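These are my notebook entries on a single chain. I record what I looked up, entry by entry.

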Amino acid sequence: GALLVSERIDREELCGAVSPCSLSFEILVENPLELYSGVVEIQDINDNDPVFPSNQARLEISESVAPGVRFPLESAQDPDVGINSLQTYQLSANPHFVLDVQTRGDGSKHAELVLEKELDREEQRELHLVLTALDGGSPPRSASVQIHIDVVDANDNAPVFNHSTYKANVRENTPSGTLVARISAYDLDDGPNGDIVYSFSSHTLAKVRELFSLDSATGELKVKGELDYEETKLYEIYLQAKDKGVVPGVAHCKVLVEVVDVNDNAPEVTVTSVYSPVPEDAAPGTVVALLSVTDLDSGDNGLLLVQVSDVNDNAPKSLQDHYDVYVPENNVAGIPILNVSATDPDLGPNSRLSYVLLQGDPAVSRLFSINQENGTLYLLASLDHEDQVKFSMMVQVQDGGSLPLSTNLSVSVFVTDLNDNAPVVLYPRPNSTNVVAPGTPARHMVTKVVAVDPDLGYNAWISYTLLQATDPSLFSVGLHSGEVFTARQLREDETPQHMLVILLKDHGEPVLSSSVTVTISVDEMVKEALIELTDVAPAHDSRKHLTFYLILAVILVSAAFFITLVSVGIFKCYKWRQSKELFNNSRSTLYRTPGPFHHIDAVRGGFTPPNFYHQVYLTTDSRQSDVLCKKPFTSSPLGSHQNTMRNGEPGLYHQIVGTASRLPKPTE
């Protein structure tokens, strides 16, 4: 178990300026299996002398320099570390200068000459000093350099830097020639005394000069060698600016260059095998090898990342399971109306989603399509609210896993109504004429305009306005009912033919309208014909057979009503059996029961009468009988069974019958 040195150890060769200097190793102990880490620290001994870059240094100092001015001196280098490294400087005795020893950020020392007493070139043209560098060993090692100072005439202004300290960041492994910083100084003198030359100061280490270059004219500091963050993280570069005077003025500045780490070192894996080969009957859990992973980079660049592979264990998810979309009718084809969005927390193909419309209603697949990649739902054709109000569909969202998972989302598209239909006139029909007798009183309903608007709500609310008339003072139109009334009593000398143009408008936006022309004839012949008919009836029969006729009329009407109901029932049965047989034979349905009337105001309009006819009712006393001017006829199943007496509304017909007081009592 003894750890031995196999060859001579040189700490400066192994670690350079890095302290402490250590070598790491691992010890494996078997039976039982244990792993230990060990570190050998190489301690420094004082086996190196300080060394100056040159044996002598020469300075030119003007006699006009004021006391207190500092002059940097060349620094000595000592490869030892700690107490054995360079610790201080000593200056030979002289009446003009003292020595000031400074410490850098990394702990190294450098010396500066400080003028304590003014120089006089006439008294002494040059001075000779000795600078000694001492380390901290026991005994200490030293080195000396001769300093020759020439006292020259004055240069009034020295260069001045814009900043005393410059800071810059540069990535390691930056190629040579990359600009790091640009320093700048100015000199108020003219001519050569104002021309500035930039150079490295004597404080700058030789290693730094190998890594960086300085342009003497522009002051551009550039990368020259290969920077390594793992070797040095920060460089202190001392620069100076001199003018070209006989006695040059000098200014000094410092540039701090921070090296930024780059992930330029791959992890190193050390494998120590325990069993080789591994027995085939080795129990589960047997240690086969020990792994040790190291990375010389810093921060995140030095972590070892272990990635976990993804499994498709998450189905797509959406914030909502159902979408409601409202689309105005008459839309432009090809517009997007909805974006169905979903997410999948898996990675890679397992999170790549596709959107598909599931097959269902054929109208949906014909009118809608969806983008498989982003879930945008498009409308392929123009929709009509009057054709279909709602469409329901199902969107399937599926991921791209080898065993794909999916989620279904329901979408409802509602078609909103627009005012795109003008009112349609159902009654009166073109070229039809309404007849009214002279002497008809005011507020007497002559006819009624019946119209329908396929739109919905306010878009289908119709108003009626009298737009044009032969005599505007004779007739009026109900604003919402469409009923045409006499505005005053008709005179005997009225114009026989009247043309009314009625405007029908809905309440949509924009307003749509249509018009209808109503022809009304004022005819005296109607009244005379009725009077003549009443004169023909025998007066003595009116009272004698009145009861019989009334009973007979009730029986006939009831029989007709019953026969009509039976006929309709038989017809319906026949049609139902025919459609059932066609359905069983996989044929399309040939019979379809008529649907209900839509958008017709039953209260205002009733059912549409296609024509009018004249009918005369007489009592047994023809002198006391009156006339029925108009009565509607309709083929509607409901309209055909309306009771004449009960449904004698003024909007459809007018009937005047003899009162009971005028009828003679029946004889026994």
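**Annotated span**

I began with the UniProt record: its unreviewed entry annotates residues 548-571 as "transmembrane region". UniProt positions follow the numbering used here, feature names are shortened, and annotations may be inferred rather than shown by experiment. I note that the model is predicted, that local features need pLDDT of at least 70 and side-chain atom pairs pLDDT 80 or more, and that totals for chains, interfaces and linings use all residues. Residues are numbered from 1 along each chain as its sequence is written, and side-chain values use heavy atoms, with hydrogens and water left out.

For residues 548-571 I found 100% helix and 0% strand, with the end C-alpha atoms 35 Å apart. Helices (H or I, at least four residues) and strands (E, at least two) are DSSP runs, numbered from the N terminus.

**Rings**

I found eight aromatic pairs. Tyr-458 and Trp-461 form a tilted pair, because their ring centres lie 5.7 Å apart and their planes meet at 55°. Rings of Phe, Tyr and Trp (its six-membered ring) pair if their centres lie within 6.5 Å; planes under 30 degrees apart count as stacked, over 60 as edge-to-face and the rest as tilted.

**Glu-12**

I placed Glu-12 in helix 1 (residues 11-15). Glu-12 counts as buried, because its relative accessibility is 16%; buried means under 20% relative accessible area, exposed over 50%, partly exposed in between (1.4 Å probe, protein chains only). Leaving aside residues up to four places away in sequence, I listed its contacts (heavy atoms within 4.5 Å): Glu-12 touches Asp-44, Asp-47, Asn-48, Pro-79 and Asp-80.
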